[in-house]
Amino acid sequence: MTRRVKFNVPTLVGKEFAYIGEALQRGHLSGNGHFSQLCEKSISGAVGGGRVLLTHSCTAALEMAAILSEIGPGDEVIMPSFTFTSTANAFVLRHAVPVFIDIRPDTLNMDETLIEAAITPRTKAICVVHYAGVACDMDVIMDIARRHGLRVIEDAAQALHATWRGRPLGSFGDFAALSFHETKNVISGEGGALIVNDPSAAERAEIIWEKGTNRAQFYRGEVAKYTWVDVGSSFLPSELTAAFLYAQLEDGVETTARRVAAWNRYHAAFGALELSGRIRRPVVPQDCGHNGHIYYILTNETAQRDDVVKRMSEQDVAAVMHYVPLHSAPAGLRFARTPAAMPHTDDLAARLIRLPLHPQIDPAQQQAVVAAVTAAVA
Ligand SMILES: *Cc1c(COP(=O)(O)O)cnc(C)c1O
């Protein structure tokens, strides 16, 4: 059965095939070639500077950030539990301990007022997640980090072309990780990037990226031969992926504008349902310039959420939940620490529904979604 309204449709925006053809003609298919470098320049421009290294996923970029932050066994990293597993896994792989704190009821982002109480002598870093491309309070978070000597890593998987007080997300932390997974705004199937904002870490980042070798320096003619100099892994995507991604990046601002337009149509259409107390709409604070990555609604109760998702599915409209909070997941119980109660995370995660949103969705399909939600919560 093909759905009347799909949740996501990976969308070609322009020159993807032409650039893949060009990459083949250039005869360099492994990583760090012509298109990888074009992508890195483009991303660096979009996030306001910083050394950018293309990776095969956001997960890989987070793993690099964990190594570069020198996170080791027993170290603690403060993060939200309302996030994807990779945010936590990147540090668990270094034998560190994710320390989960609750989220804010308005944005569903890490509650910055809870960070300081969670700091211990083992705390090394804060890993923020900008949920739905809506920024965390980066002024407060950067100030706490500075005062306590902590690294800041931005899981900016959902946050390309979003801003905090006019400044691009991904430009605040020592490191930031982007995702180009097919469900994100700008895509390459699987894909990601590490943004290195700490210039003193840029050289080591290249080495970790290139399997622990100084091959990038060798290519630039800076060393006579390349050799094993540090830990590392294979974090590079191929030029075929980079060629596809470059076409997507060229169109990134337009894609974002299309998503924000669709987001705004939902938001206007659901105003009345919110006023009558049937649902809650997303809250975007004044300081946040969002990128239309996710449109979600919150029902009043969990049972109602499950019922709404089921009824929408019966009408061929795909609506989905989001994260099962990591603090209550089996691996979260095993690897992480949750120092305080998580009332907002538990409550909000259980009432959230994500609605179909992608560059090809049209107003008629969105009307069908709105009608299905309206009927289901009546
Ligand atoms: C998508 C996502 C990831 C993982 O991205 P990949 O590119 O699939 O590795 C990590 N964190 C968050 C918050 C995400 O949304």
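Into which domains is the protein divided? I found domain 1 (16-250) and domain 2 (252-376), with bounds that come from an automatic or database domain assignment.

**Ground rules.** I am reading a predicted model, where local features need pLDDT of at least 70, side-chain atom pairs count only at pLDDT 80 or more, and totals for chains, interfaces and linings use all residues. Residues are numbered from 1 along each chain as its sequence is written, and side-chain values use heavy atoms, with hydrogens and water left out.

**Distance and contact.** I looked up the C-alpha centres of the two domains, and they lie 25 Å apart. Domain 1 gives 43 residues to the contact and domain 2 gives 38, where contact means heavy atoms within 4.5 Å.

**Buried area.** Next I noted that the domains bury about 3400 Å² between them, 58% of it on carbon and sulfur atoms. This is the accessible area (1.4 Å probe) that two parts lose on being put together, summed over both. On the domain 1 side, Phe-100, Asp-102 and Asn-185 lose the most area to domain 2, together 20% of what that side buries.

**Salt bridges.** I have two salt bridges between the domains, each a side-chain nitrogen of Lys or Arg within 4 Å of a carboxyl oxygen of Asp or Glu. I also looked up Glu-76, which forms a salt bridge with Arg-337, their closest N and O atoms being 3.2 Å apart.
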